[in-house]
Amino acid sequence: NNQYVFRVAVDATKLEVKKAVEQLFKVAVTDVQTLNVKGKVKRNRFGLSKKPSWKKAYVKLEQGQDIDFASAE
């Protein structure tokens with residue numbers, strides 16, 4: 001579907017993610033969807049601990065474009 005997933009800052013907006021991907025990879029972004037991932041509670045030998053929450057962004061590119069991670073700066 002010409003879609004890529006990135007881990008982004010928790011306070012990043014869709015517009016900020018779009019501009020960053022376009023500037024960094026020199027591609028045209030058509031759509032950005034974001035998702036807040038809640039941190040899980042894990043059990044360890046000291047009791048319970050909570051993993052941090054984080055945010056991911058699904059970035060859809062225009063038809064015919066792709067991201068070459070090897071040439072990224």
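**Entry 1: helix α1**

I looked up burial along α1 and found V17, V21 and F25 buried. The model is a predicted one, and I keep that in mind for every entry. Seen down the axis of α1, the buried residues fall within an arc of 30°, so they line one face of the helix. I then checked the other side of α1, where L15, K19 and Q23 are exposed.

What do the buried residues of α1 pack against? I found β1, β2 and β5 as their partners.

I also took the length of the helix. α1 has twelve residues and reaches 16 Å from its first C-alpha to its last, close to the 16 Å expected at 1.5 Å a residue. After α1 comes K26, and I noted its positive phi, near 55°.

In soluble globular proteins, nonpolar side chains tend to be buried together. I looked for such a group here. The largest nonpolar core has 14 residues, and F6, V17, V21, V59, L61 and I67 touch the most other members. I traced where the core comes from: β1 (3-8), α1, β2 (29-37) and β5 each supply at least two of its residues.

I followed two of these residues further. Leaving out residues up to four places away in sequence, V21 touches F6, K26, V27, V29, V59 and I67.

V59 lies in strand β5. Is V59 buried or exposed? Its relative accessibility is 1%, so I count V59 as buried. With the residues up to four places away in sequence again left out, V59 touches N2, Q3, Y4, F6, V17, V21, V29 and D31. I also looked up one C-alpha separation: V59 and K14 are 45 residues apart along the chain, and their C-alpha atoms are separated by 9.4 Å.

**Entry 2: aromatic rings**

How many aromatic pairs does a search of the whole structure find? I got four. One of them joins F25 and F69: the ring centres are 5.6 Å apart and the planes lie at 80°, so this pair is edge-to-face. F25 belongs to helix α1 (residues 14-25) and F69 to the segment after β5 (54-61), so the pair ties together parts that are 44 residues apart in sequence.

I compared how accessible these two residues are. F25 counts as buried at 15% relative accessibility, whereas F69 is partly exposed, with a relative accessible area of 49%.

Ring pairs link F25 and F69 with Y4 and F6 into a cluster.

Last, I looked at a charge over a ring. The charged end of R7 sits over the ring of W54, 4.3 Å from the ring's centre.

Technical notes:
Residues numbered from 1 in each chain as written. Predicted model: local features only at pLDDT ≥ 70, side-chain atom pairs only at ≥ 80, totals over all residues. Heavy atoms only, no water. Phe/Tyr/Trp six-rings, centres within 6.5 Å; stacked < 30°, edge-to-face > 60°. Helix = DSSP H or I, 4+ residues; strand = E, 2+ residues; numbered from the N terminus. Buried < 20%, exposed > 50% of the residue type's maximum accessible area, 1.4 Å probe, protein only. Lys NZ or Arg CZ within 6 Å of the ring centre and 35° of its normal. Core = buried A, V, L, I, M, F, W, Y, C linked by side-chain atoms within 4.5 Å. Contact = heavy atoms within 4.5 Å. Expected span 1.5 Å × (residues − 1). Arc of directions from axis to C-beta.
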